[in-house]
Amino acid sequence: MVPMRSGSGTGITPVDDADDWAEDWHQPGGGGGGANGGANGVSEEAGGAIRLRDWTARSNTDEDDDARSQYGSEISKEDADVTTALILTEGGPLGEPEPKRGRFWFSPPGGKGEETDLDAIATQRSVFDDPDLAGQYQPQPDWENIHRFDPSARWTWGEERALIRKVDFKIMLWTCLMFCALEMDRANIRQAVTDDLLPELGLTTNDYNLGNSLFAFSFLCAEVPSQLISKYLGCDIWIPLQMVLWSLVASSQFTLSGRFGYLASRVLLGMLQGGFIPTVVLYLSYFYKANELTIRMGFFWTSMVFADIFAALSAFGLLHMRGVGGYSGWRWLFLIEGMVTLVFGILSFGLMPAGPTQTAGWLRGEKGWFTPREEFILVNRIIRDDPSKGGMHNREPVSPRLLLKSLLDFDLWPIYLIGLFNHVPYATPTSYLTLSLKGMGFSTFQTNLLVIPSQVLHIVNMIILTYVSEFTGQMSLTAIIPQFWAIPFLVFLRFVDTTTVSKWTVWLVMTFFLGSPYSHPIQVGWISRNANTVRSRAVGSAVYNMCVQGGSIIGANIYREDDAPHYTRGNTVLLSILAFNIVLYLSTKAYYVWRNRSREEVWNAMSESEREKYLAENWDAGNKRLDFRFAS
């Protein structure tokens with residue numbers, strides 16, 4: 001069946017065939033375009049058809065009037081209902097950008113003039129709509145989603161929102177649960193020390209610091225190797241395997257007997273958990289656009305805080321198992337939470353699809369999670385947003401040459417430096433919170449419950465900060481806010497003798513201090529945006545997280561035993577780092593603004609033919625291309 005085209009160029013099909021087109025669209029192979037397409041790149045199965053908006057409600061344009069005059073009797077209100085009237089995608093209209101308040105499916109509908117028309121076309125303009133540029137951005141032939149790539153594909157906001165909800169439920173939710181498992185196993189040491197782990201193993205505060213530093217260092221060293229393994233095996237294989245391996249180490253802490261065992265377990269946990277976060281970021285980039293990923297990273301780290309809250313509540317019960325079988329409560333804590341992670345790891349082998357078009361599996365069904373139509377929308381909305389995502393197969397390893405090229409990407413170094421220092425003013429007090437509360441006279445169980453309010457406040461502030469970043473588009477100026485938040489609280493800790501103040505006053509100060517907004521989700525999304533290639537995104541996320549772990553090592557060694565209990569020297573150092581961070585954020589903003597302005601001048605001075613020649617010769621240059629602009 002060859003579709004008829006209107007002379008006006010609207011691409012409207014006769015309504016008599018609309019139902020046949022709609023039926024064909026949902027069949028395997030539907031969706032049109034690509035190598036198997038018919039004339040003009042559109043398949044004979046009519047797989048490029050989409051729902052058209054109700055013409056009665058959309059008759060304000062000349063194009064609509066032309067179409068109405070040609071198809072008169074066919075395009076009535078009933079025939080043009082959004083469930084039957086279809087247009088050919090090849091040459092079909094593109095959508096207007098969605099109002100910011102309607103950018104996310106869970107957002108309010110917006111004020112007057114800001115509502116999103118769910119029947120309007122959502123397909124956004126991209127380089128694939130420019131015949132002079134499209135050839136320079138084509139995905140590589142072995143890209144895993146190439147069979148669903150179709151520059152002519154069109155879809156509505158209603159379809160896109162429903163699909164994003166589905167991806168959030170199928171992909172994002174399980175990813176958050178996996179992160180909860182990681183956080184439980186790496187952070188439950190804070191609950192364990194409240195149950196006399198240190199004296200029972202013959203350890204000092206400095207030994208505790210050393211264990212935290214070794215964990216962070218091992219975590220750091222494993223970041224890039226883990227990313228390289230994930231690019232070779234696939235995120236869907238490596239992440240579940242990591243979880244199974246570290247869960248066995250976490251559970252084995254039940255048998256700890258001394259300093260060596262404690263330090264060895266921290267090293268092994270760090271080595272096996274390292275790379276998990278950047279691998280997840282890479283994995284989520286297969287399903288989400290850049291602006292959507294930043295918000296999802298906010299929810300991702302929110303799940304970490306939920307894990308901390310749950311850890312505190314579960315510790316209240318598990319530490320009461322002291323004496324069961326003759327063992328300490330902290331031993332049962334490690335064993336039981338490690339076994340929970342093992343279950344999550346095994347299930348992850350079945351619940352993590354490799355990509356949008358690879359969702360069939362033993363726990364996902366023979367047909368997978370998405371219809372052919374949904375796969376077309378997923379693939380094309382992602383590649384339109386970032387054409388570089390078609391540059392590597394999801395099981396294609398990063399070569400040593402590309403690894404070195406990514407490591408030497410100096411344009412990402414300012415964000416790496418931010419990752420190294422930005423959270424240090426918070427990391428040090430956080431790691432000592434439970435020990436400090438215990439030292440002020442709170443019981444073991446009071447201590448574990450009193451950390452919960454700061455974590456709840458932390459969640460609320462982090463989500464607000466992430467939203468502000470996305471809606472304003474200001475990465476640097478939003479991510480800097482936690483640095484100003486910390487100033488009054490660190491000044492209090494530096495100049496007030498907390499031993500002479502009510503313990504409840506100190507607890508209140510620490511609660512508001514550590515309930516600060518968290519800029520890490522913004523910065524992870526920032527790295528992903530500014531990388532602009534799959535290999536740089538994979539390596540850049542790992543290097544950034546290495547810097548974050550380096551910051552954890554710095555933070556773990558600022559409070560020293562000879563500076564207790566006031567930590568005057570330590571808090572002075574934290575205030576100095578805070579001042580440096582403020583300068584660093586502002587300098588990073590200035591750097592990216594300068595880079596963008598410099599490129600804009602060069603790009604605008606080039607002729608159209610010079611631009612085409614440049615793009616043909618530099619198609620794989622990533623963020624070094626003159627037409628790329630850095631988020632700042």
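Select Lys166 to start: at 23% relative accessibility, Lys166 counts as partly exposed. On the scale used here, buried is under 20% relative accessible area, exposed is over 50%, and partly exposed lies in between (1.4 Å probe, protein chains only).

The model is predicted, so local features need pLDDT of at least 70 and side-chain atom pairs count only at pLDDT 80 or more, while totals for chains, interfaces and linings use all residues. Residues are numbered from 1 along each chain as its sequence is written, and side-chain values use heavy atoms, with hydrogens and water left out.

**Stop 1: Lys166 and its partner**

A salt bridge here is a side-chain nitrogen of Lys or Arg within 4 Å of a carboxyl oxygen of Asp or Glu. Lys166 sits in helix H3 and Glu374 in helix H12 (residues 372-385), so this pair links distant parts of the chain, 208 residues apart. Helices are DSSP runs of H or I with at least four residues, strands are E runs of at least two, and both are numbered from the N terminus. Glu374 is buried, at 19% relative accessible area.

**Stop 2: two further salt bridges**

Stay on H12 and select Arg381 together with Glu292. Their side chains meet in a salt bridge of 2.3 Å, N to O. Arg381 belongs to helix H12 and Glu292 to helix H10 (residues 290-318); 89 residues separate them in the chain. Are these two residues buried or exposed? Arg381 is buried, with a relative accessible area of 3%, and Glu292 is buried too, at 2%.

Next, select Arg259 and Asp207. This salt bridge has its closest N and O atoms 2.9 Å apart. Arg259 lies in helix H8 (residues 259-273) and Asp207 in helix H6 (residues 205-233), so the pair ties together parts that are 52 residues apart in sequence. Arg259 is partly exposed at 42%, whereas Asp207 is buried at 11%.

A search of the whole structure gives 16 salt bridges. For a linked set, select Asp409, Asp411, Arg595, Arg599 and Lys624, which are joined in a network of salt bridges.

**Stop 3: the nonpolar cores**

Select Phe276, Phe300, Trp301 and Phe513. These have the most contacts inside the largest nonpolar core, which has 103 residues. A nonpolar core is a set of buried Ala, Val, Leu, Ile, Met, Phe, Trp, Tyr and Cys residues joined through side-chain atoms within 4.5 Å. Helix H3 (residues 157-187) gives the largest share of this core, 11 residues.

Which residues is Phe300 in contact with, leaving aside its neighbours within four places in sequence? They are Met172, Thr175, Cys176, Phe179, Phe276, Ile277 and Val280; contact means heavy atoms within 4.5 Å.

Then move to a second, separate core of 17 residues, which includes Ile189, Leu201, Leu256 and Phe334.

**Stop 4: annotated spans**

The unreviewed UniProt entry places the feature "transmembrane region" at several spans, among them residues 268-288 and 474-493. UniProt positions follow the numbering used here, feature names are shortened, and annotations may be inferred rather than shown by experiment. Select 268-288: the end C-alpha atoms lie 32 Å apart, and the span is 76% helix and 0% strand. For 474-493, the end C-alpha atoms are 31 Å apart, with 90% helix and 0% strand.

**Stop 5: His566**

His566 is in the loop between helix H22 (534-556) and H23. His566 is partly exposed, with a relative accessible area of 33%. Not counting residues up to four places away in sequence, His566 touches Leu493, Asp497, Thr498, Thr499 and Asn571.

**Stop 6: helix H24**

Finally, select H24 (residues 608-617), where the buried residues are Arg611, Tyr614 and Leu615. Looking down the axis of H24, these fall within an arc of 95°, so they line one face of the helix. The arc is that of the directions from the helix axis to the C-beta atoms. The buried residues pack against helix H23 (568-605). On the face turned away from the buried side are the exposed residues Ser609, Lys613 and Glu617.

**Whole view**

The protein has 24 helices and 2 strands, and 57% of its 632 residues count as buried.
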